[in-house]
Amino acid sequence: MAENFRRRGKFEEVAFVFPNAPQIPITVVAFDDLAQQQDQPGIFRSRDYFHSLIKAEIDKGIPSNRIVLGGFSQGGSLSIFAGLCSPSPLAGIFGLSSYLLLGPSLPQLLTSQNKSANISTPIFMGHGDLDPLVKLEWGQETAKVLRELGWAVDFRVYRGLQHTADPKEMDDLEEWLGKRLPIQD
């Protein structure tokens, strides 16, 4: 993604940080089963790691409102969760082919400080209608839950797309990122 942006002269003033997730097994049958089968301690460790990455960027002098957290699949799911829980206000959160981690527990997990820090943070979600791994319904349910909790979610469906990204989705994400991270003089 970053290489694609760079080749086209986009987001040249932006630093992209792509952490690698540990390999963990996951088996999910239905959206309602997601919270019951998730590794809550592991999710919390990943959230804390993401928060440490955000803090490291802030410590380098990057204002938190110039930081976007996002990813694909489990990385997108973790980005959504960590972004919602971030104590620092972010410019945006995105998840591609993603779902809400610990969904039913989310209201209890969010402290008033965390929610108020990012309640106005826009969220972009892209999802293929033929995704066999992270079902479209899971993404739609995630957007619904987040909207009910007060977040503005731009949810887009890509026809014929399986568990991957395509040029239209990348173009939409680029446009959304451009609004979140306008070039500064």
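**View 1. The surface and make-up of the whole chain.** The accessible surface of the protein chain comes to about 9,700 Å², with areas taken from the Shrake-Rupley method and a 1.4 Å probe, and only the protein chains shown counting as cover for residues. Carbon and sulfur atoms hold 52% of that surface. This is a predicted model, in which local features need pLDDT of at least 70 and side-chain atom pairs count only at pLDDT 80 or more, while totals for chains, interfaces and linings use all residues. Residues are numbered from 1 along each chain as its sequence is written, and side-chain values use heavy atoms, without hydrogens and water. Of the 185 residues, 44% are buried, meaning under 20% relative accessible area, with exposed over 50% and partly exposed in between (1.4 Å probe, protein chains only). The chain has eight helices and four strands. These are DSSP runs numbered from the N terminus: helices are H or I of at least four residues, strands are E of at least two. Their pattern along the sequence is α-α-α-β-α-β-α-α-β-α-β-α.

**View 2. The four-strand sheet.** The sheet is open, with order β1-β2-β3-β4 and parallel pairing. Two strands pair if DSSP finds at least two bridges between them. At the edges are β1 (68–72) and β4 (153–158), each pairing on one side only. From one strand to the next, the twist averages 10°. Strands of a sheet pair through backbone hydrogen bonds.

**View 3. Bridges between neighbouring strands.** β1 and β2 run parallel and share five bridges. Phe 72 stands opposite Leu 96 in β2. Side chains alternate along β1. Leu 69 and Gly 71 point to one face and are buried.

View 4. Contact means heavy atoms within 4.5 Å. Axes are lines fitted to C-alpha atoms, for helices over the stretch in contact, and angles run from 0 to 180 degrees between N-to-C directions. Helix α8 (residues 167–180) also packs on the sheet, touching β1, β2, β3 and β4. Its direction makes about 170° with that of β2.

**View 5. Helix α3 and its cover.** Helix α3 (residues 40–59) has 20 residues. At 1.5 Å a residue it should span 28 Å, and its end C-alpha atoms are 28 Å apart, so the two agree. The expected span is 1.5 Å times one less than the number of residues. Among its buried residues are Ile 43, Phe 50 and Ile 54. Their cover includes β1 and α4 (74–85). Just after α3, Gly 61 takes a positive phi of about 105°.

**View 6. The nonpolar cores.** A nonpolar core is a set of buried Ala, Val, Leu, Ile, Met, Phe, Trp, Tyr and Cys residues joined through side-chain atoms within 4.5 Å. The largest has 31 residues. Leu 84, Leu 106, Ile 123, Leu 146, Trp 151 and Val 153 touch the most other members. α3, α4, β3, α7 and β4 each supply at least two residues. α4 gives the most, with six. Apart from this core lies another, of 14 residues, including Leu 96 and Phe 124.
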